[in-house]
Amino acid sequence: MATVGAPRRSRRGWLAGIVPLAVLAGAVLALSALHAPGLARRGVPVERLVVDRTTLRPGLIELHVRNDGPDGVGIRQVIVNDGFAPFTQDTKRVGRLGANTVKVSYPWIKGEAYEIKLLSSTGNTATHRIDVAAESPAAGASLFGVMSLIGLYVGIIPVAIGMLWLPWLRRLDPRWIRFALAATVGLLAFIGLQALREGQDIGAKGAQALGGAGLVFVGAGAAYLTLAGIDSWLRARRERARAAGPVGSAGAALALLIAIGIGLHNLGEGLAIGSAYAIGSLALGVSLVVGFAIHNTTEGLAIVAPAAGEQIPLRRLALLGAVAGLPVIPGALIGAAAYDTSLTALMLGIGAGAIAQVIVQISPALREKRGGALLNPLSVAGVLAGLAVMYVTNLLISV
């Protein structure tokens, strides 16, 4: 009888949990059907249009617009540099969080600046500036080739070069290994803080109804908790398998977590690079390549530092480098072909959260001995050195 009664109690428990949700759904449906009597909006409509992306073709300016306000918006006129311009649009009225593509016929000139105003049916205007006009790249083999080269220059090659420090790290005294790990913490902290700052700046320019700059913290929290859960699962799995035979080393597992964190950051970095390329503001020259090469080389050092005392197969090292460096390519492709401010802010936040979790994993290795102080002179010096290196190399980058 007890065996039969347990499933019944379980089903009743689930039904009891579903009842409040059903009542809430019924209340929402009732309000919608009755059009929420007494709660109708009064006064002047609140209209907010945000331009997510601008695409320039010869004689054509294409604006990808999103309604960021609570009321619907109808675009009636487009003004370019104080002159009315002919245009077409996908829909006559854009609902809340809805999107619209406005195609403006205008003979723009390369290198010139333009101010575009979208005039709504109520007389409100939304202003968008194009600082430097340049034809947007067309999606295709050519774009894929250029973005792949950018990913190779600023992601894969620098990370691979930095990983070449592994033989040198293996010859160091254990104290200097701790210094290298502390420097890794400094490197990662700089990258994470930079991602948070860039994500907030980008998010503030996008649709605030979708989260705006807050998406950075949503992504950071989600990535931190996800990686914490993965790390806990890997630890439990290693403990269960320890009695059955050899298991993966802790240093190699930490190197993988670092590579994942850096890879997620580089995905957001690729989005920013691709979007800059799309609007013609990316300085594709020797200075940019050299700057990123020096700056991102330190990421390779951060990956191999935790595994300096262990033997890792060459194919495993190649995998770690690919995990960290390859995401620049899809990020750059998305940024150049379909840039979205909200997505970029979210991805930069995910990178920052992943890096924060990696720093938590590295920190115990900075102690001089078990139970020793975490912030000992050597570890403090290493963290400061890592921050200083990233700051100096960051000065070489100009996007």
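Trainee: Before we go into details, how many helices and strands does the protein chain have?

Mentor: The protein chain has 11 helices and eight strands. Please keep in mind that this is a predicted model.

Trainee: And what share of the residues count as buried?

Mentor: Of the 399 residues in the protein chain, 43% count as buried. The accessible surface of the chain is about 20,700 Å², and 65% of that surface belongs to carbon and sulfur atoms.

Trainee: Let me try a single residue. Where is N100 placed, and is N100 buried or exposed?

Mentor: N100 is in strand β6, which covers residues 99-105. Buried means under 20% relative accessible area. N100 has a relative accessible area of 2%, so N100 is buried.

Trainee: Which side chain is joined to that of N100 by a polar contact?

Mentor: The partner is Q89, and the polar contact between the two side chains is 2.9 Å. Now look at the backbone as well: the nitrogen of D90 lies 3.1 Å from a polar atom of the N100 side chain.

Trainee: Which residues is N100 in contact with, leaving aside its neighbours within four places in sequence?

Mentor: They are L63, H64, V65, I75, Q89, D90, T91 and V94. Notice that Q89 and D90 are on this list too.

Trainee: Next, aromatic rings. How is a pair of aromatic rings described?

Mentor: You give the distance of the centres and the angle of the planes. In this structure the count comes to two aromatic pairs. Y106 and Y114 form an edge-to-face pair, with 5.7 Å centre to centre and 80 degrees between the planes. Y114 has 5% relative accessibility, so Y114 counts as buried, whereas Y106 is partly exposed at 21%.

Trainee: What about W176 and F179?

Mentor: W176 and F179 also form an edge-to-face pair, with 5.4 Å centre to centre and 70 degrees between the planes. Both sit in helix α4, residues 174-205, and because they are three residues apart there, about one helical turn separates them. W176 is partly exposed, with a relative accessible area of 44%, and F179 is partly exposed at 23%.

Trainee: Now for charged side chains. How many salt bridges does a search of the whole structure find?

Mentor: The search finds four. Let's begin with D52 and R66, whose closest N and O atoms are 3.1 Å apart. This pair links distant parts of the chain, since D52 is in strand β1 (residues 49-57) and R66 is in strand β2 (residues 60-67), 14 residues apart.

Trainee: Are D52 and R66 buried or exposed?

Mentor: D52 counts as buried, with 10% relative accessibility. R66 has 18%, so R66 counts as buried as well.

Trainee: One more feature. Which residues make the nonpolar surface patch of about 530 Å²?

Mentor: L149, L152, Y153, I157, I161 and L164 make that patch. Take I161 as your example: I161 lies in helix α2, residues 141-163. At 42% relative accessibility, I161 counts as partly exposed.

Trainee: Thank you, I'll look for each of these in the structure!

Definitions and conventions: Residues are numbered from 1 along each chain as its sequence is written. Side-chain values use heavy atoms; hydrogens and water are left out. Helices (H or I, at least four residues) and strands (E, at least two) are DSSP runs, numbered from the N terminus. Buried means under 20% relative accessible area, exposed over 50%, partly exposed in between (1.4 Å probe, protein chains only). A polar contact is a pair of N or O atoms within 3.5 Å; within protein, one must be able to donate a hydrogen and the other to accept it, and residues adjacent in sequence count only if both atoms are side-chain atoms. Contact means heavy atoms within 4.5 Å. Rings of Phe, Tyr and Trp (its six-membered ring) pair if their centres lie within 6.5 Å; planes under 30 degrees apart count as stacked, over 60 as edge-to-face and the rest as tilted. Patches are made of residues with over 30% relative accessible area and no salt bridge: like charges are joined within 9 Å, nonpolar side chains (Val, Leu, Ile, Met, Phe, Trp, Tyr) within 5 Å. Accessible areas come from the Shrake-Rupley method with a 1.4 Å probe; for residues, only the protein chains shown count as cover.
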